[in-house]
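Morning, everyone. I have one structure to walk through, and I will keep it brisk. Please look at the screen.

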Amino acid sequence: MDRLASMQVFVTTVDLGSISAAADELALSSQLAGKQIRALEASLGVKLLNRTTRRQSLTDEGRLFYERARNILAEMEAAQAQIDESRSQPRGRLRISAPITFGSRGLAPLLSRFMRQYPEVTVELSLTNRTVDLIDEGFDIAFRTGDLPDSGLTARRLAPHRLVLCAAPEYLRNSGIPRRPEDLQQHECLVFAHTSMRTRWSFKGPDGPITVPIAGRFSTDSGEALRAAAVGGLGIILQPTELLTEDIESGRLTRLLPKYEPEPRPLHALYVPDRRMTPKLRSFLDFAALEFGSA
């Protein structure tokens, strides 16, 4: 006896109300459908259905078995669908949300590689520092930096988002060079207003982790605006490495506190939990893990 096939006949019989209706739905003869239910009852050693010439009803054991059997069949269907989808070609529109600096400096330069690899996928990238609602706003995936609240979303942890501390030579000539993280309290710090970094900066040094309070006259939720302020000599900046690398290499900014590594920001790719993950989303998650690394 094919146990799953017999379970399917039984569940369909209960759902449709009769063996004959289930037989029609499953393209079986009524005799074969009835035989499979009887064989299932025999293998379980219990009666599942009370049958008369006019009607049928579930026994107490049949009611319990029906709920479990329906769940098992749903799991099998989901597993088969997932296998089928894993074999299919990624295609369709992929909507991505990302923070502005990470999205423009870290993610966008890599998307051409992904799109060449999957020519049937169309990418729509939305850059914002606010927390988007993936379901209401129709995003397939969202990148987020920092610690995550409990949102009910599935998170794939990527390698931490690294930061760098620096300032313009002009600022350092006028205000001096900090030698320890504690010295930052006497300096003009450029404040990123979007996260906890607006009030404190954290480092790992020779004596372990250290967090210092910071303050400054200029604050913004734009990394690019902070960068412009730093290059203009307005103060000390702590921002992602990819935002400031060109300025450091050109000499417009000078890296500070080389013995103290800024605490990196956690980086996650979030998506709505779904048993039937689409090939386009699965392929992009694998691509992101490969490009940015996994924690």
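Which residue does the side chain of R130 meet in a salt bridge? Find R130 on your screens, then look for the partner. The partner is E137. Their side chains meet with an N to O distance of 2.7 Å. Before we go on, remember that this is a predicted model.

How exposed is this pair? R130 has 47% relative accessibility, so R130 counts as partly exposed. E137 has a relative accessible area of 27%. That makes E137 partly exposed too.

Next pair. D247 and R252 also meet through their side chains in a salt bridge. Here, N to O is 2.7 Å. Now, is D247 buried or exposed? D247 is buried, because its relative accessibility is 1%, and buried means under 20%. R252 is another story. At 38% relative accessibility, R252 is partly exposed. Hold on to D247, please. We will meet that residue again.

R255 is partly exposed, at a relative accessible area of 47%. E261 is partly exposed as well, at 32% relative accessibility. Salt bridges can also share partners, and here R93, R95 and E124 are joined that way into one network. How many salt bridges does the whole structure hold? A search finds 15.

Now to helices. Two packed helices are described by the angle between their axes and the distance between the axes. Keep both in mind.

Start with helix α8, residues 223-231, and helix α9, residues 241-250. Their axes come within 10 Å. They cross at roughly 25°. Are α8 and α9 roughly parallel or roughly perpendicular? Roughly parallel, because the angle is under 35 degrees. The crossing of α8 and α9 is right-handed. Who makes the contact? From α8 come G223, E224, R227 and V231. From α9 come L243, L244 and D247. There is D247 again, the residue that bridges to R252. By type, the residues of the α8 and α9 contact are three nonpolar, one polar and three charged.

Now the other end of the numbering. Helix α1 covers residues 3-16, and helix α3 covers residues 30-44. Their axes come within 9 Å and cross at roughly 110°. That angle falls in the 65 to 115 range, so α1 and α3 are roughly perpendicular to each other. Their crossing is left-handed. On the α1 side, the contact uses R3, A5, S6, M7, V9, F10 and T13. On the α3 side, it uses A33, Q36, I37, L40, S43 and L44. Eight of the contact residues between α1 and α3 are nonpolar, four are polar and one is charged.

Is A33 buried or exposed? Buried, because its relative accessibility is 0%. What does A33 touch, leaving aside neighbours within four places in sequence? V9, I19 and A23. V9 belongs to the α1 side of the helix contact. And how far is A33 from E242? In sequence, 209 residues. In space, C-alpha to C-alpha, 65 Å.

That is my tour. Over to you.

Note on methods: Residues numbered from 1 in each chain as written. Predicted model: local features only at pLDDT ≥ 70, side-chain atom pairs only at ≥ 80, totals over all residues. Heavy atoms only, no water. Axes fitted to C-alpha atoms, helices over the stretch in contact; angles between N-to-C directions. Helix = DSSP H or I, 4+ residues; strand = E, 2+ residues; numbered from the N terminus. Parallel < 35°, antiparallel > 145°, perpendicular 65-115°, else oblique. Left-handed = near helix turned anticlockwise from the far one by under 90°. Contact = heavy atoms within 4.5 Å. Nonpolar A, V, L, I, M, F, W, Y, C, P; charged D, E, K, R; others polar. Salt bridge = Lys/Arg side-chain N within 4 Å of Asp/Glu carboxyl O. Buried < 20%, exposed > 50% of the residue type's maximum accessible area, 1.4 Å probe, protein only.
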